[in-house]
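Hi,

Here is the structure I promised to pass on. Have a look first, and my notes follow below.

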Amino acid sequence: MRLGETNKRLVVMTAAMPEGTGVAAFAKRYPGRCLDVGMAEQHAVGLAAGLARGGARPVVAVYSTFLQRAYDQIMHEVCLQELPVVFAIDRASLVGEDGPTHHGVFDIAYLRVLPNLTVVSPKDPAELRAMLQWALEQPGPVAIRYARGGILCGEPLGRPSPIAVGKSELLRPGKDLALLAVGSMVYPALKVAEDLAREHIDAMVVNARFVKPLDDAMVRQAAHVGCVVT
């Protein structure tokens with residue numbers, strides 16, 4: 001809600017999933033700034049590009065698996081023009097009872113190849129909020145991919161460290177093994193490190209944060225450990 005109050009140019013768009021994507025409360029509070037285009041993801045992205053060109057800061061809230069339908073629009077209407085559109089990509093990775101049609105397992109691969117697009121993945125809801133605020137301040141397009149429900153495997157780590165382009169977050173140092181995790185796999189990686197510690201294996205854990213651009217310096221640091229697991 002505070003994003004809507006502090007950024008008057010913010011417009012949220014969804015493709016027939018206001019409840020599922022969590023924007024229903026925003027729509028109720030700001031009915032003139034939330035657009036549901038129905039099951040027309042291509043139109044959602046094209047319209048967002050036009051709004052961005054006109055000075056708005058659009059957020060396209062969509063399930064990962066359905067964003068694939070708008071691949072051409074992401075490329076030509078948003079990325080090539082370097083427009084400040086934020087893609088809030090829900091249901092990234094496996095989604096359990098939602099079924100195979102809703103598994104968002106391809107977004108890392110198909111978004112990483114696009115020019116001028118930054119791709120991030122938060123480890124928990126607190127980091128998602130921080131990344132959304134950060135994304136709205138960027139001059140170009142940003143995609144934020146996150147798992148269904150924000151389920152955590154372990155105690156929340158609290159307030160995230162500041163977001164910086166292409167910078168990961170070292171959560172645990174280690175000398176025997178490096179675990180590079182992204183998004184919902186960060187907390188399981190920390191649990192694995194705790195289990196390995198009982199076996200006298202010292203595991204480094206990195207919250208990658210940025211799918212694109214990768215933190216090259218951190219990757220090199222992990223490589224020096226000798227064994228890297230992603």
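An open sheet is formed by 4 strands in the order 7-9-8-11, with mixed pairing. Strands here are DSSP runs of E with at least two residues, helices are runs of H or I with at least four, both numbered from the N terminus, and two strands pair if DSSP finds at least two bridges between them. Strand 7 (169-172) and strand 11 (228-229) are at the edges with a single partner strand each, so one side of each has no neighbour in the sheet. Strand 8 (residues 177-181) and strand 11 run parallel and are joined by 2 bridges; Ala178 has Val228 in strand 11 as its bridge partner.

Before going on: this is a predicted model, with local features needing pLDDT of at least 70 and side-chain atom pairs pLDDT 80 or more, while totals for chains, interfaces and linings use all residues. Residues are numbered from 1 along each chain as its sequence is written, and side-chain values use heavy atoms, leaving out hydrogens and water.

Now to Asp215, in the loop between strand 10 (210-212) and helix 9 (216-225). Asp215 is buried but has no salt bridge, and the nearest side chain of opposite charge, Lys167, is 4.6 Å away. Buried means under 20% relative accessible area (1.4 Å probe, protein chains only); a salt bridge needs a side-chain nitrogen of Lys or Arg within 4 Å of a carboxyl oxygen of Asp or Glu. Lys and Arg count as positive, Asp and Glu as negative, and His and the chain ends are not counted.

Terms used
Buried < 20%, exposed > 50% of the residue type's maximum accessible area, 1.4 Å probe, protein only.
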